[in-house]
Amino acid sequence: MGNTAGKRGYLWLPRLCKALTHQDLLKTNLCKWCDSTPPACEEKVCYSNCNLNSYCEDPYEICVAIWRQDNESIRISTLCHNPHRPIENLMVPNYNTSHCIMTHQPSEEGIIYICGCVDEQECNDKLIFENHTNGDKEVIPVAAISLLPPLLVAVMITVIFYLCRTQKQRKRTKAWGGKPGQSPALLEAGRSAEREEKLSVLMDESPTSTNPTCASSRPAELLPIELDEMVGKGQFAEVWRAKLSHSRSGQYETVAVKIFPCEEYSSWKNESQIFTDTSLKHDSVLRFLTAEDRGTGPRREYWLITAYHSRGNLKDYLSRHILSWMDLQKMAGSLVSGVAHLHSDYTLPFGSKVQEQPCVDTMRDIVLHGRGRPEIPSSWLVHQGMHFLCDTITECWDHDPEARLTAHCVAERFNLMAQMDCDDILNNNTDNEASKTASPGGEHQDSDGSRNMQ
Ligand SMILES: Nc1ncnc2c1ncn2[C@@H]1O[C@H](COP(=O)(O)OP(=O)(O)OP(=O)(O)O)[C@@H](O)[C@H]1O
């Protein structure tokens, strides 16, 4: 800043006495005046850190601050300057203001900002960086312009999706003879089969079946359900007994609600997709009502609502009850027809050889490599029907998959079994030990001798 050297004054008083009249003082600006000081900054405002000032010599001179920044330091120069002349080859921009607003200047020697101000004492001490920001000002419209098209597309997709959905719902409600907006599930109390179908349709069309994360699916309407008590717990979810209200009649139906926590979203999704497959419906397959996405944030839960079976699961039931031949036939027959319908295989019980939840590797070792099969106590075979049943079971376990009975074949055998004239009571053998292992559950048996299964 060669042109500033002659004007340098360290205190304003000597210059005042020497050069300026009182009249002049009223008209000239009092400015900070240091060659090079390190600034002190807070947010968008910096202070020059200059301890010196001076009245400008000429009334048209303004206070100026120059910010120079290179890789090593930031230095501030403050001075009085005639704004009609360049300083450092630069003209001072926008100086008719009492605030020193820093403006970025093109430079090959690092970063330079400059500001000019008038009418306020030492106005070049406080350096305002609103336009640090020069960049920001350009970024905002650019960002707005680039974001606008995707935003518009997103809004349009949402509107179209919403319209399609409400249109479909209106059509469906009309087809079912209900009022618009009324839950299709609750149109008719007692018509649960019909409701089941409607809800399955709802599932098919809801985003639940395509949603990839824990965060998004919502069916159109949640069923009015009140949870009663937890009745079981599997690997992924809790199962609750619950009341489903029928709005018209004021009555309720007991249902089972399987509640998956947020992190088990994929298990819920898999299971609900299987259930919504209409070809799966069968009297011997658990009746499915609907799947729901409930709650928000950490309390988000995924529900599967099905028919409620008060006797719980088969394993627990068998471990606590002794079946009559008729019961056995009925239960096994229902199981077989369900499996035949699903065209899938049973999981084999292996009692003491594996733990409660055997892993695939353990089962592979025992069944595939070791060719192990559950033991069938000889005492069971005394009963003609049981003999026939056990033969059927054994054929299902053949090591050669091709030789195994198909589920349909097993269902046929059950038809034949029903025609057999067998004792209903399975106690024609008195071997109590045998009767204990006779239960497919195997763990414990009632000690009531008159009804021991053998
Ligand atoms: N519809 C239902 N009615 C009555 N009780 C049920 C019903 N569904 C499940 N339960 C009870 O809840 C328990 C847990 O069921 P869930 O379906 O979660 O697990 P699972 O099928 O036994 O095993 P997994 O965790 O491998 O799915 C069952 O063992 C049963 O006692």
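**Around K258**

Modeller: Leaving aside its neighbours within four places in sequence, K258 is in contact with A237, V239, W303, L304 and T306 (contact: C-beta atoms, placed from the backbone, lie within 7 Å). It's a predicted model: local features need pLDDT of at least 70, side-chain atom pairs count only at pLDDT 80 or more, and totals for chains, interfaces and linings use all residues. Residues are numbered from 1 along each chain as its sequence is written.

Colleague: Is K258 buried or exposed?

Modeller: K258 counts as buried because there are 22 C-beta neighbours inside 10 Å. The cut-offs are 20 or more other C-beta atoms within 10 Å for buried, 12 or fewer for exposed, and partly exposed in between.

Colleague: Which strand is K258 in?

Modeller: K258 sits in β14, residues 252-261. Strands here are DSSP runs of E, at least two residues, numbered from the N terminus.

Colleague: What does β14 pair with over seven bridges?

Modeller: That's β16, in the antiparallel sense (strands pair if DSSP finds at least two bridges between them).

Colleague: Switching topic: which strand gives the largest share of the shell around the ligand?

Modeller: β12, with three residues. β12 (225-233), β14 and β16 (301-307) each supply at least two.

Methods: Helix = DSSP H or I, 4+ residues; strand = E, 2+ residues; numbered from the N terminus. Contact = placed C-beta atoms within 7 Å.
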